[in-house]
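Hi,

Here is the structure I said I would pass on. Have a look at it first, and then read on for what turned up in it.

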Amino acid sequence: MEDIDHLICVIEQMLFLAQTEDPTMVIHREPIAAESLLQQTLHPFLILAEDRGIEFSVEASDGLVLSGDSTLLRQALHNLLANAVRHSPDGGRVRLAASSGPGGPELVVDDQGPGFPPELLSEVGRRFLKIGGESKPGCVGLGLAIASGIAQIHGGTLVLSNLAPTGLRAQLSIGG
């Protein structure tokens with residue numbers, strides 16, 4: 001049953017990815033308080049993070065309001081946070097932030113994990129992309145592709161960059 005559940009999850013993610021790539025897809029944009037979006041997305045991770053001693057910091061520009069589909073943006077952030085928690089060391093820190101960038105609002109997740117191999121940074125959004133063939137439970141390599149697709153249907157991008165000395169920044173921009 002566990003294998004079947006896993007396959008169903010993968011199929012659902014693939015169908016969702018196909019939807020994000022449909023050029024006729026129209027999203028329902030609504031005003032979203034950035035601080036609220038970050039807090040709602042973070043909530044499911046608090047117990048897991050507490051068990052591993054991972055600290056979260058949440059930063060949102062005062063009064064920042066996003067325009068987008070709150071369910072989709074929460075899904076994108078959820079995928080980025082899941083990766084950040086998965087790859088952060090016990091006792092590490094994960095930062096979740098929202099601010100106004102030059103091209104529109106930006107949502108950022110920083111972690112203290114090992115980062116991404118530099119040769120794969122340009123492949124963000126590729127389906128089934130895994131680092132070093134990792135086989136952690138629940139990891140099929142679709143989370144970044146989904147987050148990238150959600151950014152694109154919001155008129156934005158997902159960019160990954162390594163932090164020094166360790167860590168990864170996932171920066172999701174959404175069009176104004």
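Predicted model: local features only at pLDDT ≥ 70, side-chain atom pairs only at ≥ 80, totals over all residues.

Below is a short tour, going from the whole chain to the sheet, the core and a few single residues.

**The chain as a whole**

The protein chain has five helices and seven strands.

The thing to find next is an open sheet of five strands, in the order 2-4-5-7-6 and with mixed pairing. Its edges are strand 2 (55-60) and strand 6 (158-162), each of which pairs on one side only. From one strand to the next, the twist averages 15°.

Helix 2 (residues 34-42) packs on it and touches strand 2, strand 4 and strand 5 (104-110). The direction of helix 2 makes about 160° with that of strand 2. Helix 5 (residues 143-153) lies across strand 6 and strand 7 (168-173), and runs at about 130° to strand 6.

**The core**

In soluble globular proteins, nonpolar side chains tend to be buried together. Here the largest nonpolar core has 41 residues. Those with the most contacts inside it are Phe56, Leu66, Leu80, Leu81, Leu107, Val109 and Leu172. Several elements each supply at least two residues of this core, among them helix 2, helix 5, strand 4 and strand 5. Helix 4 gives the most, with nine residues.

Setting aside neighbours within four places in sequence, Leu107 is in contact with Leu37, Leu38, Leu66, Leu77, Ala97, Ala98, Ala170, Gln171 and Leu172.

**Helix 4 against helix 5**

How do helix 4 and helix 5 sit relative to each other? Their axes come within 9 Å and cross at roughly 145°, and the crossing is left-handed. On the helix 4 side, the residues that meet helix 5 are Leu72, Leu73, Gln75, Ala76, Asn79, Leu80 and Asn83. Their counterparts in helix 5 are Gly143, Leu144, Ile146, Ala147, Ile150 and Ile153.

Helix 5 is mostly covered, with nine of its 11 residues buried. Ile146, Ser148 and Ile150 are among the buried ones.

Leu73 is in helix 4. Is Leu73 buried or exposed? Its relative accessibility is 0%, so Leu73 counts as buried. Not counting residues up to four places away in sequence, Leu73 touches Ile32, Leu37, Gly68, Ile150, His154, Leu172 and Ile174. Leu107 is 34 residues from Leu73 in sequence, and their C-alpha atoms are 9.3 Å apart in space.

Ile32 sits in strand 1 (residues 30-33) and is buried as well, because its relative accessible area is 8%, under the 20% cut-off. Along the chain, Ile32 and Leu73 are 41 residues apart, while their C-alpha atoms are separated by 9.8 Å. Besides Leu73, Ile32 touches Leu37, Leu64, Val65, Leu66, Gly68, Asp69 and Ser70, again leaving out residues up to four places away in sequence.

**Two backbone details**

Two last spots to check. Just after helix 5, Gly155 takes a positive phi of about 80°. Further along, the peptide bond joining Ala164 and Pro165 is cis, with omega about 0°. Pro165 belongs to the loop between strand 6 and strand 7.

Happy browsing!

Methods
Residues numbered from 1 in each chain as written. Heavy atoms only, no water. Pairing = 2+ DSSP bridges. Helix = DSSP H or I, 4+ residues; strand = E, 2+ residues; numbered from the N terminus. Axes fitted to C-alpha atoms, helices over the stretch in contact; angles between N-to-C directions. Contact = heavy atoms within 4.5 Å. Core = buried A, V, L, I, M, F, W, Y, C linked by side-chain atoms within 4.5 Å. Buried < 20%, exposed > 50% of the residue type's maximum accessible area, 1.4 Å probe, protein only. Left-handed = near helix turned anticlockwise from the far one by under 90°.
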